[in-house]
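Please find below some notes on the model.

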Amino acid sequence: MKKMFSLLLSWLVCVLSTFSVHAEEVTCSASAYVLYCPDNGKILLSENADRQLPMASTTKIMTTLLTLEEAAVDNRVVEFTDAMVAEGSSMYLKKGEKVTLYDLAVGMMMQSGNDAANAAALTIAGSFEAFADLMNEKAAVIGMKHTHFVTPSGLDDENHYSTAYDMALLMAYAMQNEDFAFITSQTSMEVHFLYPADKFITYPNHNKLLKMYKDCIGGKTGFTDAAGRCLVTAARRDDLDLIAVTLNDRSDWGDHTELYEAGFSQYKTVTVDTDMDSIGVVGGEADSISLNTEDLQVVVPADTQEIDTQVYLPVFLYAPIRQDVPVGKVVCLANGEVLSETPITTAQNVDQDRQKRSLFTYIKDLLHWHS
């Protein structure tokens, strides 16, 4: 009897310890969090993903993105004025000093400069209200459905809020911008002032996860009394990209590390061969168009052994056709369950051949009339 009780107790301890390990893998102290995979657009882990909360200086992801997009067209020189002064974190700009828009982006992502955010907003849009309109317009393009921006810096305002999921979408979008991806990946950056010409400052990045977690490739911190500690980061391992967002989280560095370890252990990328590298074109200057299907990678659960690949493409396309336009998809399945759907896009432009197109249109109209 004692032996049976001892065995039962050992079994119970084993079961409870198993539950404890599993719980630790997904435990997060944030009011809201998301672990998002931009490679397949899926949420891997989350809690309160759509809960609207203040997001503090992680707001500057949007402000920096808009600033870099403007700088790519015209990297204007900005003279700092009294109207650009801001409370809180700063890149220590003084009245009359001059830097470029790109420098302001550096100041926002490294030092979380509220002064840099104000300077960028007023230079680009002329007023904070007009810049907020630009922020909200970009949010709509990205698909941030539960977000509203008021301030360029993220200082508290009851009408300034977002969600963990929306901030993950923003980070995924911003990381596609080469300038943004470069800046956010740096542990420090130096800004050379245009005036005074001999002044330069090296700004350290507030995102400590870049040094704490080897797979981290970028991110933005945030804190106010109302928002608590906020953190948005990105990580990459073995061609798999993940984004973690925590809002109001007293243990953000550790939570992001645990979220990433859970994600990287549960998912992997695999290369899929579609056997399709081109498709026919009707009415174009070329008779076919190349497709972006070489080394197509999809995200699947880590324990997936065999994958069934199904390719969905039309028989042909009609010219004109632009590059990087989705024209089909690759669906990956395991045991009948859909694991991922990846778009197939065009690899080039094909202009319309007007002579061919006229003949084709005539035949199509004729067939339609007879039908």
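1. Ala 32 stands opposite Leu 247 of strand β9. Ala 32 belongs to strand β1 (residues 32-37), which pairs with β9 in the antiparallel sense over 5 bridges. Two strands are taken to pair if DSSP finds at least two bridges between them. Helices (H or I, at least four residues) and strands (E, at least two) are DSSP runs, numbered from the N terminus.

2. This is a predicted model, in which local features need pLDDT of at least 70 and side-chain atom pairs count only at pLDDT 80 or more, while totals for chains, interfaces and linings use all residues. Residues are numbered from 1 along each chain as its sequence is written, and side-chain values use heavy atoms, with hydrogens and water left out.

3. Strand β9 also pairs with strand β8 (residues 228-237), again in the antiparallel sense, over 7 bridges. Within this pairing, Asp 241 of β9 is the bridge partner of Arg 236. The two strands form a hairpin with 2 residues between them, and Asp 238 in the turn has a positive phi of about 50°.

4. Strand β9 (residues 240-247) is largely enclosed by the rest of the structure, because 8 of its 8 residues are buried. Buried means under 20% relative accessible area, exposed over 50%, and partly exposed in between (1.4 Å probe, protein chains only). On one side of β9 the buried residues are Leu 240, Leu 242, Ala 244 and Thr 246; on the other they are Asp 241, Ile 243, Val 245 and Leu 247.

5. A separate point concerns the open sheet of 3 strands in the order β14-β16-β17, with antiparallel pairing. β14 (308-312) and β17 (337-345) stand at the edges with a single partner strand each, so one side of each is left without a neighbour in the sheet. The twist averages 20° from one strand to the next. Strand β16 (residues 326-334) is joined to β14 by 5 bridges, and Cys 332 of β16 is the bridge partner of Thr 309.

6. Helices α2 (residues 60-73) and α3 (residues 101-111) pack at an angle of about 160°, with their axes 9 Å apart. Axes are lines fitted to C-alpha atoms, for helices over the stretch in contact, and angles run from 0 to 180 degrees between N-to-C directions. The two helices are therefore roughly antiparallel to each other (angles over 145 degrees).

Methods:
Angles under 35 degrees count as roughly parallel, over 145 as roughly antiparallel, 65 to 115 as roughly perpendicular and the rest as oblique.
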